[in-house]
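Today I am opening my notebook on charged side chains and how they pair up.

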Amino acid sequence: MSSGVEIDADRIAAAVQARPHIAGLHSGRFGEIATLLRGRRIPGIRIRDDEITIGVTGRYPATAVEISDDVRTAVGPVDRPVHVRIGDIASSSARTAGEDPGAVSVASQPRRES
């Protein structure tokens, strides 16, 4: 299915992490979203012949639509569908470069009184 277009997982990872609504990449509950290269692994980016899946930790208060739009903008035009999986939401102040997505604080919803 591939039309021979070279897709660079490192470029995508850097571009996605630079977007304002993205706190970091997220490899999924079992680490299933990843690209395996010779001698290394790029978590949060899975490139297949028929699709690309990007796993991210979004930045609160961005909506799922804003997060997905940010990811697709970062990826740019490609010859296959881009699926965005939001694995977590971080507070707007959380994250520094290289921080583990599992270590960020999650923004909580205020409790409703019944």
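Is Asp 10 buried, partly exposed or exposed? I looked up its relative accessibility, which is 33%, so I put Asp 10 down as partly exposed. I also remind myself that I am reading a predicted model.

Next I looked for the partner of Asp 10, and I found that Asp 10 makes a salt bridge with Arg 40, with 2.6 Å between the closest N and O atoms. Because Asp 10 belongs to helix H1 (residues 9–17) and Arg 40 to strand E3 (residues 40–43), this pair ties together parts that are 30 residues apart in sequence. Arg 40 counts as partly exposed too, at 41% relative accessibility.

I then turned to Arg 85 and Glu 32, whose side chains meet in a salt bridge at 3.2 Å from N to O. Arg 85 sits in strand E6 (residues 82–90), while Glu 32 sits in the loop between strand E1 (22–25) and strand E2 (34–37), so the two tie together parts that are 53 residues apart in sequence. I noted Arg 85 as partly exposed at 39% relative accessibility, and Glu 32 as partly exposed with a relative accessible area of 29%.

My last pair was Arg 80 with Asp 79, a salt bridge of 2.8 Å from N to O. Here I wrote down that Arg 80 has a relative accessible area of 9% and is therefore buried, since buried means under 20%, whereas Asp 79, at 35%, is partly exposed.

For the record, I note that the structure holds five salt bridges.

Methods:
Residues numbered from 1 in each chain as written. Predicted model: local features only at pLDDT ≥ 70, side-chain atom pairs only at ≥ 80, totals over all residues. Heavy atoms only, no water. Salt bridge = Lys/Arg side-chain N within 4 Å of Asp/Glu carboxyl O. Helix = DSSP H or I, 4+ residues; strand = E, 2+ residues; numbered from the N terminus. Buried < 20%, exposed > 50% of the residue type's maximum accessible area, 1.4 Å probe, protein only.
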